[in-house]
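Here are my notes for a first look at this structure. Please read them with the model open.

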Amino acid sequence: MRFLVTGGAGYIGSHATLRLLDAGHEVTVVDNLYRGHRGAIEALARVGGPRLRFVEADILDTAAVARALRDGGVETVLHFAALTYVGESMERPDDYHRTNTTGGESLLAAMRACGVHRLVFSSTAATYGVPDAGAMPITEDTPQRPINPYGASKLAFEQVLRAQTAWLSSVALRYFNVAGADPAGRLGEDHRPETHLIPICLEVALGRRPQLTVFGDDFPTPDGTCVRDYVHVEDLVDAHVAALAALENGTVDGTVDRQTPHRFLRWNIGIGRGYSVREVLESCRRVTGHAIPAAIGPRREGDPPSLYADPAAITRDLGWRARWTDLDAIVRTAWDWMRAHPAGYR
Ligand SMILES: NC(=O)c1ccc[n+]([C@@H]2O[C@H](COP(=O)([O-])OP(=O)(O)OC[C@H]3O[C@@H](n4cnc5c(N)ncnc54)[C@H](O)[C@@H]3O)[C@@H](O)[C@H]2O)c1
């Protein structure tokens, strides 16, 4: 099949592209390289050869995206391109709205013009905000009340998708914390700046940072540090493959409703349990054999004590469940890539 992947030079989009290429598909990547890496595209080209096309373009450029869709004969879109930093979104809310919501609408306009009717969208647990105390785990029906412009911009695009079922079948996958790297070591995680806990711990082990700062150790959690749900990027890509199958069938149960063939579907993607910051740090120490010094800092504004998914719906509907549930195994894949690429893609 022929796919278009937006944001395919970034962390998760490159791993999804890799899977599609490994499976023999043709993939056109559209990325403006604002936060993505030419090195990731080069790694993908080594796998896909001529089945990979790279178009350096902004998703806000509807005409360029439409050209990419036509030139690639695209049937289905995986939409990863976004601005993704919560803190930055507080300082630049308009940029987040423009890229994450208006950029999505621009992509839809191009798809509609080209007769492309299937899309999988990277949504986020940040659309849930701070669930009420005791509302763990988070189900798809937990109220979505984002507390920052990043979460709001992602929720706004979910709402756009929900309103397009006259012509579009789409899936929003609400990721929790994505971690790890291609187990074969072909791709990894290289965010600049890095804000995710596991790569930050590993950067300390590599000597790229002096220490880890733990933001608060007085939360109402078993060890006082925040608890999050870490899903391996390979499992996440599996969830996309399962979602693509559901889109092709038109409905979750595989039947096709001729009256209303298009659907908006949404699932949480997490392993269904949380690990604390301290547990992640200990895991990184075990895997790297490095002491990874850590200091306790103040809490960050708006950090909920505990966030983890209830993935029962996607298990029930699509048979997906996380296979990487051992934290050390997840960390090891990230560490293997980082050790082999101490300067990242650059
Ligand atoms: N990493 C996580 O833990 C996580 C969790 C929840 C949701 N998500 C979502 O997953 C998606 C991918 O995240 P990631 O961690 O791979 O981020 P990333 O920054 O590594 O990748 C995003 C890619 O989008 C590209 N991009 C940004 N703006 C663009 C534009 N206007 N036009 C074209 N390309 C553009 C960037 O250059 C980059 O390559 C995002 O939509 C993010 O919101 C990620």
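1. Some ground rules. Two strands pair if DSSP finds at least two bridges between them. Helices (H or I, at least four residues) and strands (E, at least two) are DSSP runs, numbered from the N terminus. Residues are numbered from 1 along each chain as its sequence is written. The model is predicted: local features need pLDDT of at least 70, side-chain atom pairs count only at pLDDT 80 or more, and totals for chains, interfaces and linings use all residues.

2. The sheet. Seven strands form an open sheet, ordered β3-β2-β1-β4-β5-β6-β11, with parallel pairing. Its edge strands, β3 (52-56) and β11 (264-269), each pair on one side only. Neighbouring strands are turned by 20° against each other on average, direction ignored. Axes here are lines fitted to C-alpha atoms, for helices over the stretch in contact, and angles run from 0 to 180 degrees between N-to-C directions.

3. One pairing in detail. Strand β6 (residues 169-175) runs parallel to β11, and six bridges join them. Ser 170 stands opposite Phe 264 in β11.

4. Helices on the sheet. Contact means that the C-beta atoms of two residues, placed from the backbone, lie within 7 Å. Helix α3 (residues 62-71) packs on the sheet and touches β1 (2-6), β2 (26-31) and β3. The direction of α3 makes about 170° with that of β2. Helix α6 (residues 149-162) lies across β5, β6 and β11, at about 155° to β5.

5. Helix α7. A residue is buried if 20 or more other C-beta atoms lie within 10 Å of its own, with C-beta atoms placed from the backbone. Eight of the 10 residues of α7 (residues 197-206) are buried, so this helix is largely enclosed by the rest of the structure. Among them are Leu 197, Ile 200 and Cys 201. Their cover includes β7, β8 (212-215), α9 (277-288) and α11 (327-340). Gly 207 follows α7, with a positive phi near 85°.

6. The ligand. Which residues come nearest to the ligand? Of the 29 around it, they are Gly 7, Gly 10, Tyr 11, Gly 36 and Ala 82. A residue is near a molecule if its C-beta atom, placed from the backbone, lies within 6 Å of it. The elements giving two or more residues to this shell are α1 (11-22), α5 (93-114), β5 (118-124) and β7 (177-179). The largest share, three residues, comes from α1.

Terms used:
A residue is buried if 20 or more other C-beta atoms lie within 10 Å of its own, exposed if 12 or fewer, and partly exposed in between; C-beta atoms are placed from the backbone.
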